[in-house]
Amino acid sequence: MAGGSGVHVHGDVEGQVVVGDRNVVINAERGSSVTVRSEPPPFARRRARPAGRALPYRMPELLGREGELAALRRWLSQGHPVQIYGPPGIGKSLLLRRFAADAAARGQDVVYLPAAGVPVDDLVQELFQACYEAPDYKPAPAVTQQLMASVHALVAVDDFQGSAEDLTELVAATPGCDVLVVTAERQEWQEGQEGRALRLDGLLEEPALALLTEELGRPLRGDEQAAAAHLIATVRGHPLSLLQAAAALRSAGAGRMESAGAAGSAGLAVDERALAVGVAGGLSDGAGKLLRILCAVEPLPLSPALLSVIAAGPAGPAGAAAGAAGAAGPAHPAGATGAAGVDRAAAAELEALRLASSEGGGFRATGRLAQLVAERTGPAQDPAVLAAALVGWARGATRHELAAESAVVRRVLEAAALAGGHGAVRDLARFTAPALARSLRWGSWRQVLGLGAGAARALGAAADLAYFTHEEEARRRALGLAAGVAAGLSFGAGAAAGHLGGPASGHAASQAVSHAVGHGSAAAGKSGLSSFAANPVAIGTAAALLVAGGVFVAFASAGGESPRADPTVPITSFDPTPTLAPTGAPTSSAIPTTGLPTATTTVPTATTAPVTTTAGPTTGQPTYGSGQCPPVPLAVGSFGPVAAGEQDSKSVTWDSYWECDDAKTLAVSDPTAWRVRATSCPATQKPGPPRSASGPCVFEVVFSPPASAEPGTTYSAKVTMLDDWGHVAMTLPLSGSTATVGPTGPTGPTGPTDPTEEGPSPQPSEPAPGA
């Protein structure tokens, strides 16, 4: 179906969350909406002990790593973050877990984070939630850093796959913690972090021989000593290679080896490929199938629930064929998760051969030998079929289950996209995206939206492409990343042209879509939307125009308006914390005039001299800590009547601009009639202290009623600026109206208006999701 998938998402994926200073309403069918909050941030209650994931319960004894453990203890006690790096199978994760288990036994708080396939911002959110009780709340990075400064725990991050910049972000989010991270390759520390890096190499001969003996379950015989020493030297003491060779030898039959010493010695194979042939030849069919499934998502672990779903495959042969062809097959019925169960005998067989391991209830393939053996047991799993199977599971999964499996879902989506399974990718992304948004796994959400958009574009599915594009724009606005982000802007399933670029750009974008769609069709009953949906080139061109212009025009025919987050109603019952709660901003001109710094507003018009208005301070200014800038409410900025389609502007000089204020967050709550931009605000350090900056902050406010506005319509809005911790630091209420039409024309300014269209100040950029 070119026009859309017909996907109907239900369950517990809809609701409201707080992201930084914004309310976000998640609507799985019609898209999300974003509004600026007028309340303090939700209260984040510190947990008595971190509630993160438990360490794996099986902790084998470490052999030959006493020196490495001592180095970790020394560096961390000196306040250095530490990374452990080295090739796969060398024992990095085991070293990290042993160190973390020893720290926990000594009474230290430990937060253990398995990080394979998890974006760094999701790791930071999981870390925050492990240390604070704050459901449905994703603080701004500066607020997270401030809250985490009081947490003193060991943060043990396993299988971290991010970049050096990601590692810097992770360490910055844990200023009061000891940080120990496992990486595959060494990442350079940012200047000033003074981190340490431990390269993990193979075992020396004595502990390596002890490891072989332990795995064999018996002492090495005299004729086996030379073969064992040769194996250790060849693999350079690589622990996993030693374990897999010994496991293969043990699996071949201990009794036979005891009576045939020469055969036993030869069994300690050095040639990995020869070993793979021998192991694969003795593997059962069930173990071979299970190993191929695990290798399809390697190096990620698979939970028993997903293992059973994937093993069962799409419902019936038609589902598998449809998945391979790029269309989503029939779904599993709700509640089928786990019905097929996991082949426990096959899992035990793979674990005995050290080809797979079970950790925290999940299974994963281990090492290169596992891949080589899987290749010799049958054809690899078709990624499109895997994706089609997960679509059925996603229909009945809760948002918590979807969030917990987000790394596997993204891994399958990426593989299926490369294999051309666009239908399954589109459907799985549609089911998963709102759950990730609702669960505040926004790094994964961004990646899933990008994969879904790419699949929708390949399918020519206009409604789905519109959904993914809209959700990415909502995500960026909520995080303050979209160029021209504006407070209070809501997204709906209906057309919302002109929200950013003003009426002109909105009209141009609408015309571009209308031109691409057309107003007729040769086929009877085929709508313009359907014609558009059948043309992927037109979709890509129009979507690019819409995003570049900051305009969203819905292609979906969902009908109705999406719900808008009400900024006047708290979405949680949290009590505001005194150190984080900003003073409520005034909403009218009845502002006391003592105690706060002043702001001067100059109003240029074509017929009168500049008018200066002054906002005075109020009394009773509270004491502020380093985590909040003193909030400053300014007097109402009133505009005279302005003709519909015209504009008037005022330059505001804010003398009480502080070092802790952030001019980049300047925004206005109603961008349909108002625009604001900073013109000359001094650069400030971040985070800055609550003291005056080097000069005033000057910004311009433009009032431009829509061309379709009725005469005499009143418009009100609020300009806000946040501080370095994400709190509202400045508010400026605005008021204006459209001119009434008299016998000689509209009232209001008679001189020419400034035709220059100004946009908001640039916001931090972020790469767009991949297609």
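User: Where is Glu405 found?

Analyst: This is a predicted model. Helix 18 covers residues 399-404 and helix 19 covers residues 406-418. Glu405 is found in the loop between helix 18 and helix 19.

User: Is Glu405 buried or exposed?

Analyst: Residues with under 20% relative accessible area count as buried. Leaving aside residues up to four places away in sequence, Glu405 touches Ser303, Leu306 and Trp393. The relative accessible area of Glu405 is 13%, so Glu405 is buried.

User: How many residues apart are Cys681 and Cys697?

Analyst: Cys681 lies in the loop between strand 20 (674-680) and strand 21 (697-703), while Cys697 is in strand 21. The pair links distant parts of the chain. The separation is 16 residues.

User: Which is buried and which is partly exposed, Cys681 or Cys697?

Analyst: Buried means under 20% relative accessible area, and partly exposed lies between that and 50%. Cys681 has 22% relative accessibility, so Cys681 is partly exposed. With a relative accessible area of 0%, the buried one is Cys697.

User: What does helix 22 reach from its first C-alpha to its last?

Analyst: Helix 22 spans residues 462-479 and has 18 residues. At 1.5 Å a residue, 26 Å is expected. The reach of helix 22 is close to that, at 26 Å.

User: How many residues of helix 22 are buried?

Analyst: Helix 22 is mostly covered. Of its 18 residues, the number buried is 16.

User: Which residue has its charged end over the ring of Tyr467?

Analyst: Tyr467 is buried, with a relative accessible area of 5%. A charged end sits over the ring of Tyr467, 3.9 Å from the ring centre. That charged end belongs to Arg430.

User: In strand 13, which residue is the bridge partner of Ala356?

Analyst: Strand 12 (residues 356-359) and strand 13 run antiparallel, joined by four bridges. In strand 13, the partner of Ala356 is Ala365.

User: Which residues lie on each side of strand 13?

Analyst: In a regular strand the side chains alternate between the two faces of the sheet. Both faces of strand 13 (residues 362-365) are covered, and the four residues are all buried. On one side are Gly362 and Arg364, and on the other Phe363 and Ala365.

User: Which residues do ring pairs link into a cluster with Phe639?

Analyst: Phe639 is buried at 8% relative accessibility, and the charged end of Lys650 sits over its ring, 4.4 Å from the centre. Trp674 is also buried, at 1% relative accessibility. The residues that ring pairs link with Phe639 are Trp674, Phe703 and Tyr715.

Key. Residues numbered from 1 in each chain as written. Predicted model: local features only at pLDDT ≥ 70, side-chain atom pairs only at ≥ 80, totals over all residues. Heavy atoms only, no water. Helix = DSSP H or I, 4+ residues; strand = E, 2+ residues; numbered from the N terminus. Buried < 20%, exposed > 50% of the residue type's maximum accessible area, 1.4 Å probe, protein only. Expected span 1.5 Å × (residues − 1). Pairing = 2+ DSSP bridges. Contact = heavy atoms within 4.5 Å. Phe/Tyr/Trp six-rings, centres within 6.5 Å; stacked < 30°, edge-to-face > 60°. Lys NZ or Arg CZ within 6 Å of the ring centre and 35° of its normal.
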